[in-house]
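Subject: Structure for your files

Dear colleague,

Here is the structure I promised to pass on. My notes on it follow below; please read them with the model open.

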Amino acid sequence: EFKFIPHYDNPGVTFVFNNKIVIINFSKEPSAFLVESKESAQSYSTYFELLWNQKVSVYEGKKDTTNFFRNIIGELHEGEEYFVINGNYGSIIELKQFFQHYHKQRVKRGVKANILFNANIKGVENSLALAPAEYKFLPKDFKSPLQMTFYKDKLYISLWQKPVLGFLIESKEVVDAFKAYFDHLWNQSKK
């Protein structure tokens, strides 16, 4: 099993097993350290469990956000789908280019996107909502820099600003609540 943590510049990796900790630094001159200590291994294991079990993570910057979206098509299989409320990318041009490429990759994987676009996307929706996809537009007066993207037990709230800010919530109950909200908006929105 694996999970992702927000990006941070760390050229190393830590392994914890039995009563051992192995720390490997992959810098220009790689180095490794082995620590044999039951107490230290338990301490590192406790920290790992804390990270593993957290339900909310904060992501900052374009790299973290684009990694989240890449993970969607890495986690979902052909025929599976995800949902977007207020699909947009704000005024961040690099994100427009990223999403155009991303959706081409999504199509290759056979992952379906269900998108409620912000009205400011009109004119470029066809480069984003590539089949398999369905889309509609939110009302023109709906203005918000937030986008909510969700699937399975993950909800990612993107705040399209510089730097991009994202909040990942891992909760099936929260995703189910947003899905009900999506369905309500979908049934009221027009193509």
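**Salt bridges**

Nine salt bridges turn up in a search of the whole structure, a salt bridge being a side-chain nitrogen of Lys or Arg within 4 Å of a carboxyl oxygen of Asp or Glu. Before the details, a note on the basis: this is a predicted model, in which local features need pLDDT of at least 70 and side-chain atom pairs count only at pLDDT 80 or more, while totals for chains, interfaces and linings use all residues. Residues are numbered from 1 along each chain as its sequence is written, and side-chain values use heavy atoms, with hydrogens and water left out.

One of the salt bridges joins the side chains of glutamate 36 and lysine 20, at 3.9 Å from N to O. Glutamate 36 belongs to strand β3 (residues 31-36) and lysine 20 to strand β2 (residues 20-25), so this pair ties together parts 16 residues apart in sequence. Helices (H or I, at least four residues) and strands (E, at least two) are DSSP runs, numbered from the N terminus. Glutamate 36 is exposed, at 54% relative accessible area, and lysine 20 is partly exposed, at 24%. On this scale buried means under 20% relative accessible area, exposed means over 50%, and partly exposed lies in between (1.4 Å probe, protein chains only).

A salt bridge of 4.0 Å (N to O) is formed by the side chains of glutamate 81 and lysine 112. It links distant parts of the chain, with glutamate 81 in strand β5 and lysine 112 in strand β6, 31 residues apart. Glutamate 81 is partly exposed, with a relative accessible area of 34%.

Lysine 154 and aspartate 153 also meet through their side chains in a salt bridge, at 3.8 Å from N to O. Salt bridges that share partners join Glu75, Asp153, Lys154 and Glu170 into one network. Within that pair, lysine 154 is buried at 15% relative accessible area, whereas aspartate 153 is partly exposed at 29%.

**Asparagine 114**

Asparagine 114 sits in strand β6 and is buried, with a relative accessible area of 4%. Its side chain makes a polar contact of 3.5 Å with the side chain of lysine 112. A polar contact is a pair of N or O atoms within 3.5 Å; within protein, one must be able to donate a hydrogen and the other to accept it, and residues adjacent in sequence count only if both atoms are side-chain atoms. Leaving aside residues up to four places away in sequence, asparagine 114 touches Glu81, Tyr82, Phe83, Val84, Glu134 and Phe182, where contact means heavy atoms within 4.5 Å.

**Nonpolar cores and a surface patch**

The largest nonpolar core has 29 residues, and those with the most contacts inside it are Phe69, Ile72, Tyr82, Phe99, Tyr102 and Phe117. At least two residues of this core come from each of α2 (62-75), β5 (81-87), α3 (93-109), β6 (112-117) and β7 (133-137). Apart from it lies another core, of 13 residues, including Phe83, Ile85, Met148 and Trp186. A nonpolar core is a set of buried Ala, Val, Leu, Ile, Met, Phe, Trp, Tyr and Cys residues joined through side-chain atoms within 4.5 Å.

Phenylalanine 117 touches Gly87, Glu125, Leu128, Ala129, Tyr135, Lys136, Phe137 and Leu138, again not counting residues up to four places away in sequence.

Leucine 51 lies in helix α1 (residues 38-53) and is partly exposed at 31% relative accessibility.

**The chain as a whole**

The chain has four helices and 10 strands, in the order β-β-β-α-β-α-β-α-β-β-β-β-β-α from the N terminus. Its C-alpha trace spans about 65 × 35 × 30 Å along the principal axes. Of its 191 residues, 39% count as buried.

Regards
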